[in-house]
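Please read the text beside the sequence and the coordinates.

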Amino acid sequence: MKFLVTGGAGFIGSCFILQRIANGDSVLNLDKLTYAGNPENLSSIADHPNYYFVQGDIADKSSTAKIFRDFKPEFVVNFAAESHVDRSILEPEAFLQTNVIGTTRLLSSALDYWNHLCKAGKDSFRFLHVSTDEVFGSLGKKDPSFTESSPYRPNSPYSASKASADHFVRAFNRTYGLPTLITHCSNNYGPRQYPEKLIPLMVLNAVAGKELPVYGDGANIRDWIHVEDHCSAIDLVVRNAAPGAVYNIGGNSEFSNLEIV
Ligand SMILES: NC(=O)c1ccc[n+]([C@@H]2O[C@H](COP(=O)([O-])OP(=O)(O)OC[C@H]3O[C@@H](n4cnc5c(N)ncnc54)[C@H](O)[C@@H]3O)[C@@H](O)[C@H]2O)c1
C-alpha cells in the first residue's frame with residue numbers, strides 16, 4: 001500500500017516507516033525536520049526504492065496538495081506534532097501552529113484529494129490521526145480506565161492542542177465524510193526517542209553519573225507501551241477500521257497516565 005506519513009523522522013513515525021518498508025509498502029515521509037526530527041533514524045532505508053522523503057510543513061497547503069497529487073497515497077498517517085509537554089508549557093503557540101492549524105490544513109488537502117478519487121479509491125482511503133491518551137487527562141488511583149468515549153480533559157497546552165486536533169479530525173469525518181480514524185496511545189518507549197523524554201533522559205543521565213530528577217514525590221504512575229507495538233496497532237487500525245472509528249492503544253489501565261507534576 002502507499003502511505004503518506006507525516007513526522008516520520010521522529011521517534012514513533014520512524015519506527016512505523018521502518019515497519020512499512022520491511023512489509024513491502026511504499027512510504028512518502030513529509031517531515032519539517034524540527035529539533036525532534038532526525039534523518040539518521042531512517043538511514044538504513046534512505047536509498048530504498050519504496051521510500052521517498054520531502055522536507056516540509058504539514059501546515060503548508062500548497063506543498064501537501066502537490067504531494068497528494070503526485071504521490072497519490074492510499075493511507076495517510078499523521079504523526080507530525082510538537083510532542084513535548086514541558087516545551088508546550090514554555091511555548092504553547094508552536095503547539096497551536098503545528099498540532100491544530102497544521103493538522104487542519106493537512107485535513108483540507110486530504111479532503112481536496114479524496115473528493116476527486118473514484119468510488120473505490122474513496123471507499124478504501126483512510127486518514128489516521130495519531131493522538132494521545134493525554135487528551136483524557138489524569139486518573140486517580142480508584143478511577144476506572146479510560147475508554148474511547150471518556151470525556152476530554154486536557155491538562156497541558158500539549159494535550160489541549162492534541163484534543164483540538166482530534167475535534168477537527170472528527171469534524172472532517174462528520175461534516176465532509178472524509179474517512180478519518182483517531183488512535184489514542186499511552187507513553188511510548190523504545191529506540192530513537194529524543195533524549196528530552198523521560199526514559200532516554202534517565203538512562204543518559206545514569207550513564208553520565210548525573211542526577212536522576214524525580215518529579216513530585218515519585219509516587220505518580222505512567223502507562224507504557226513499546227513503540228513497535230504502537231506502530232503495529234496503527235497499521236492494524238488503518239487497514240481494517242471503519243471510517244470515523246476511534247481506538248485507544250496501550251494499557252490505558254487503571255493507573256495509566258497519572259501526570260508527573
Ligand atoms: N511519544 C509518545 O509517548 C506518544 C504517545 C502517544 C501519542 N504520541 C503522538 O505520536 C506522534 C509522534 O510522537 P513522537 O514521540 O514520535 O514525536 P517526535 O517529537 O519524536 O517527532 C515529531 C516529528 O514531527 C516532525 N514535525 C514537527 N512539526 C512538523 C510540521 N509542522 N510539519 C511536518 N513535520 C513536523 C518533527 O520534525 C519530528 O520528526 C505525535 O503526534 C504525538 O502526539 C506520542
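**Basis of the values**

The model is predicted, so local features need pLDDT of at least 70 and side-chain atom pairs count only at pLDDT 80 or more, while totals for chains, interfaces and linings use all residues. Residues are numbered from 1 along each chain as its sequence is written, and side-chain values use heavy atoms, with hydrogens and water left out.

**The ligand shell**

The shell around the ligand holds 28 residues, of which Ile12, Asp31, Ser83, Tyr158 and Lys162 come nearest; a residue is near a molecule or strand if one of its heavy atoms lies within 4 Å of it. By residue class, the shell divides into 12 nonpolar, 12 polar and 4 charged residues. In this division Ala, Val, Leu, Ile, Met, Phe, Trp, Tyr, Cys and Pro count as nonpolar, Asp, Glu, Lys and Arg as charged, and the others, Gly among them, as polar.

Helix H1 (11–22), strand S5 (126–132), helix H6 (157–176) and strand S7 (187–189) each supply at least two residues of the shell. Strand S5 gives the most, with 3 residues. Helices (H or I, at least four residues) and strands (E, at least two) are DSSP runs, numbered from the N terminus.

A polar backbone atom of Phe11 is 3.0 Å from a ligand oxygen. From the side chains, an N or O atom of Ser83 is 2.7 Å from a ligand oxygen, and a polar atom of Lys162 lies 2.6 Å from a ligand oxygen. Taken alone the ligand exposes 840 Å², and the protein buries 97% of that; accessible areas come from the Shrake-Rupley method with a 1.4 Å probe, and for residues only the protein chains shown count as cover.

**Salt bridges**

The structure holds 9 salt bridges, a salt bridge being a side-chain nitrogen of Lys or Arg within 4 Å of a carboxyl oxygen of Asp or Glu. The table lists some of them.

| Pair | Closest N to O distance |
|---|---|
| Arg239 and Asp25 | 2.8 Å |
| Asp235 and Arg239 | 2.9 Å |

Arg239 forms a salt bridge with Asp25. This pair links distant parts of the chain, 214 residues apart, with Arg239 in helix H8 (residues 227–240) and Asp25 in the loop between H1 and strand S2 (26–31). Arg239 counts as partly exposed at 32% relative accessibility, whereas Asp25 is buried at 3%. Buried means under 20% relative accessible area, exposed over 50%, and partly exposed in between (1.4 Å probe, protein chains only).

Arg239 also pairs with Asp235. Both residues lie in helix H8, 4 residues apart, about one turn of the helix. Asp235 is buried, with a relative accessible area of 12%. Salt bridges that share partners join Arg20, Asp25, Asp235 and Arg239 into one network.

Glu196 lies in the loop between S7 and helix H7 (198–207) and Arg87 in helix H3 (residues 85–90), so the pair ties together parts that are 109 residues apart in sequence. Glu196 counts as buried at 16% relative accessibility, while Arg87 counts as partly exposed at 32%.

Contacts here mean heavy atoms within 4.5 Å, and residues up to four places away in sequence are not counted.

Thr132 is found in strand S5 and counts as buried at 5% relative accessibility. Its side chain reaches the backbone nitrogen of Glu134 at 2.9 Å. Thr132 is in contact with Tyr158, Lys162, Thr183, His184 and Cys185.

Thr183 lies in strand S6 (residues 180–185) and is buried, with a relative accessible area of 0%. Its contacts include Leu128, His129, Val130, Ser131 and Thr132, and also Ile234, Val237, Tyr247 and Ile249.

Gly8 lies in the loop between strand S1 (2–6) and H1, and is buried at a relative accessible area of 0%. Gly8 touches Gly13, Ser14, Ile17, Asn29, Leu30, Asp31 and Leu42. The C-alpha atoms of Gly8 and Leu181, 173 residues apart along the chain, are separated by 18 Å.

Note on methods: Polar contact = N/O pair within 3.5 Å; in protein donor to acceptor, adjacent residues only side chain to side chain.
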